[in-house]
Amino acid sequence: MLDLVVGTITTGLLWSLLAVGVFITFRVLDVADLTVEGTFPMGAAISAILITSGMNPILSILLAGVGGMIAGAVTGWIHTKLKIPALLAGILTMIALYSVNLHIMGKANVSLLRMDTIYTILGGFFNTPNMWSAAIVGIIVAVVVCLLLFWFFGTEIGTALRATGVNPQMIRAQGVNTDNMIVLGLLISNGFVGMSGALIGQFQGFADVGMGIGTLVIGLASIIIGEVVLNATSFKTSLIAVMVGSVIFRVIIAVVLYMGMEPNDLKLFTAVVVVLALSMPLIKTHIAAGREG
């Protein structure tokens, strides 16, 4: 039971990096970016193929992030330069990345069985099981990313990026190139998603070309659940809510699987959870109106 609890929380922390990437586009830029469904498996593919080639697993995670940044920049370029709607630009990049990922791996999946990963290296250093070393990695990643983003979005560039999503006309009047801000936001977002894919790939022990299906919904579920639970009213609390929401979402998944839900129904269950979370404000309003009546 303890291993199940630790594993669930660890998985939530590792997936929180994906949720942060989705948060940057969905909440900061006000764009639903489907690039993440191709960037996530690309991060895992880059990390896996580099590890099997003998590269340090930690360096492979950083390079996976670079690959994600390039993919995000491509989506931004298609959207800003070719004037293709952001949603469609993300879909086009996502489709292209399917073939790119196959070329990177050379096949549909790559196994990391018996290969050194960041978790085995850390486990050997601290003399702890891989599960606990993964938990350490998850905590470090969550804390560092929160602090880094809180600092970045407090800078002049970060403030301009946030303003681009809130009021692009106003920020353009201040002399800021909103196209550059959009590309920057997509670049940062998909960089985090690529790193998340690498971390999850090493944690699961394989990279698969289809592992990105539904990742956008998972990210949205984490964001919305976290905001509902913590009642996030500021940017700082919103960042923390994303991390908390990712863990809560994984706990919910673990509970329903433990209760006997078929794994084939998980995607349906995830969609239902997102719908309920999105409709929560309306539900609360109806409940409050009913009490007053």
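**Close-up views of pockets, salt bridges and a surface patch**

The lining of the second largest pocket comprises 14 nonpolar, no polar and no charged residues. The model is predicted, so local features need pLDDT of at least 70 and side-chain atom pairs count only at pLDDT 80 or more, while totals for chains, interfaces and linings use all residues. Residues are numbered from 1 along each chain as its sequence is written, and side-chain values use heavy atoms, with hydrogens and water left out.

**View A. The second largest pocket has a volume of about 280 Å³.** Of its 14 lining residues, Ile118, Val137, Val141, Met195 and Leu199 are the closest to the centre. Two or more lining residues come from each of α3, α5 (118-126), α6 (130-152) and α9, with α6 giving the most, five residues. A pocket is an open set of points on a 1 Å grid over the protein atoms alone, where a 1.4 Å probe fits, with protein on both sides within 12 Å along at least five of seven lines; lining residues have an atom within 4 Å of a point. Nonpolar covers Ala, Val, Leu, Ile, Met, Phe, Trp, Tyr, Cys and Pro; charged covers Asp, Glu, Lys and Arg; the others, Gly among them, are polar.

**View B. The largest pocket has a volume of about 630 Å³.** Closest to its centre, among 26 lining residues, are Trp15, Gln204, Arg250, Ile253 and Leu266. Helix α11 gives the most to this lining, with six residues. The lining of the largest pocket divides into 16 nonpolar, eight polar and two charged residues.

**View C. Glu227 and Arg27 form a salt bridge, with their closest N and O atoms 2.7 Å apart.** Glu227 in helix α10 and Arg27 in helix α1 are 200 residues apart. Glu227 is buried at 16% relative accessible area, whereas Arg27 is partly exposed at 38%. A salt bridge requires a side-chain nitrogen of Lys or Arg within 4 Å of a carboxyl oxygen of Asp or Glu; buried means under 20% relative accessible area, exposed over 50% and partly exposed in between (1.4 Å probe, protein chains only).

**View D. Asp179 and Lys83 meet in a salt bridge (3.7 Å, N to O).** Asp179 belongs to helix α9 and Lys83 to the loop between α3 and α4 (86-105), so the pair ties together parts 96 residues apart in sequence. Asp179 is partly exposed at 23% relative accessibility, and Lys83 is exposed at 60%.

**View E. Leu59, Leu62, Leu63, Val66, Met69, Ile70 and Val74 make a nonpolar surface patch of about 550 Å².** Leu62 is placed in helix α3 (residues 57-81). Patch residues have over 30% relative accessible area and no salt bridge, and nonpolar side chains (Val, Leu, Ile, Met, Phe, Trp, Tyr) are joined within 5 Å.

Terms used
Patch = residues over 30% accessible without salt bridge, like charges linked within 9 Å, V, L, I, M, F, W, Y side chains within 5 Å. Areas by Shrake-Rupley, 256 points an atom, 1.4 Å probe, with all protein chains shown as cover. Helix = DSSP H or I, 4+ residues; strand = E, 2+ residues; numbered from the N terminus. Points joined across faces, edges and corners; volume = space filled by probe spheres on them.
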